[in-house]
Amino acid sequence: MGLEFRQVTKQFVSQASVDPLTAVRDITFKVEEGEFVSVVGPSGCGKSTILSMTAGLYAPTEGEVLVSGEPVRGPNSHVGFMLQKDLLLPWRTIIKNVEFGLESRGVARATRRERALSELARCQLDGFDNHYPYQLSGGMRQRAALARTLAIDPDIILLDEPFSALDAQTKLLLQNSFAETIAQAKITTLLITHDLSEAVLMSDRVIVLSERPGTILETIDVELPDRAHPLARRQMPQVYEYAARIFDLLKLDERAA
Ligand code: ADP
Ligand code: MG
């Protein structure tokens, strides 16, 4: 399944102000099935709002968001959402956390367990099923959160800065293991990040947003091999040329503001 934004504008009305706040304006882009696209831009420019609309948590004020060609009308099980904070339930073991989404869908116990175990294996957490979240490192907790997101078998996953709270070393390793897992599962992915080289390392394409209201400044095709292995891409000098280009776009925008 792919996803598409057609001239999407989102405004928020608040009690504090008469004028609505425009978070994003006239956003049009497409992510084809199996593609990995990143969105970068200054903080507050509407990146998370874009994910929330894709997940069906907010409706656009104008325009349309489509998943697999169908307008999004609300949350649905084709779309998995993962945030910077892992949001694992501290009183549940890792496997019980991974089973959570399946439980609420009424999946039978044995099937649930089997799925959860295989997702944990896929996310390199074999043997940690009966640990509690506090017993795991930050990187492992994010992998558990990915396992939980994948357990509902989504066609699309939305990642909102999933690596930004991690130390540099863990971040690189996790980018690599997420990229491998996602490429193998052929899941369509939209990643929000403020790390420009991360966007280049992981994506087929990078959408660069302006300051709020977020509009698309430019979309950059990352023409590099090995999307499934960001660590290998990291050796390629072109990565830094792409990142510098994005940096310049953002800097120019800041001067215009
Ligand atoms: P980003 O993720 O790029 O930092 P967000 O999408 O979180 O930006 O927010 C974009 C703008 O919309 C911000 O000014 C934010 O305060 C505002 N905003 C986000 N969600 C809401 C909401 N539910 N109600 C009112 N304003 C919101
Ligand atoms: Mg955000």
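1. Start with the outward face of helix α3 in this predicted model: turned away from the buried side, that face carries Ala-110 and Glu-114, both exposed. On the buried side sit Arg-112, Ala-116, Glu-119 and Leu-120. These four span an arc of only 100° around the axis, so they end up on the same side of α3. If you want the background, an α-helix has 3.6 residues a turn, so residues three or four places apart point the same way.

2. What do the buried residues of α3 pack against? Their partners are α2 (94-104) and α4. As for its length, α3 (residues 109-122) has 14 residues and reaches 20 Å from first C-alpha to last, close to the 20 Å expected at 1.5 Å a residue. Just past the helix, look at Gln-124, which takes a positive phi of about 55°.

3. Now the sheet. It is open, with 6 strands in the order β6-β7-β8-β3-β9-β10 and mixed pairing. β6 (79-82) and β10 (216-221) are the edge strands; each has a single partner, so one side of each lacks a neighbour in the sheet. On average, neighbouring strands are turned by 15° against each other, direction ignored.

4. One pairing to check by eye: β7 (residues 156-160) and β8 (residues 188-192) run parallel, joined over 5 bridges. In that pair, Ile-156 sits opposite Thr-188 of β8.

5. Finally, the helices on the sheet. α4 (residues 138-151) touches β6 and β7, and its direction makes about 165° with that of β6. α5 (residues 168-185) lies across β3 (36-40), β6, β7 and β8, and runs at about 165° to β7.

Conventions. Residues are numbered from 1 along each chain as its sequence is written. Chains are lettered from A and ligands numbered from 1 in the order in which they are written. This is a predicted model: local features need pLDDT of at least 70, side-chain atom pairs count only at pLDDT 80 or more; totals for chains, interfaces and linings use all residues. Side-chain values use heavy atoms; hydrogens and water are left out. Two strands pair if DSSP finds at least two bridges between them. Helices (H or I, at least four residues) and strands (E, at least two) are DSSP runs, numbered from the N terminus. Axes are lines fitted to C-alpha atoms, for helices over the stretch in contact, and angles run from 0 to 180 degrees between N-to-C directions. Contact means heavy atoms within 4.5 Å. The expected span of a helix is 1.5 Å times one less than its number of residues. Buried means under 20% relative accessible area, exposed over 50%, partly exposed in between (1.4 Å probe, protein chains only). The arc is that of the directions from the helix axis to the C-beta atoms.
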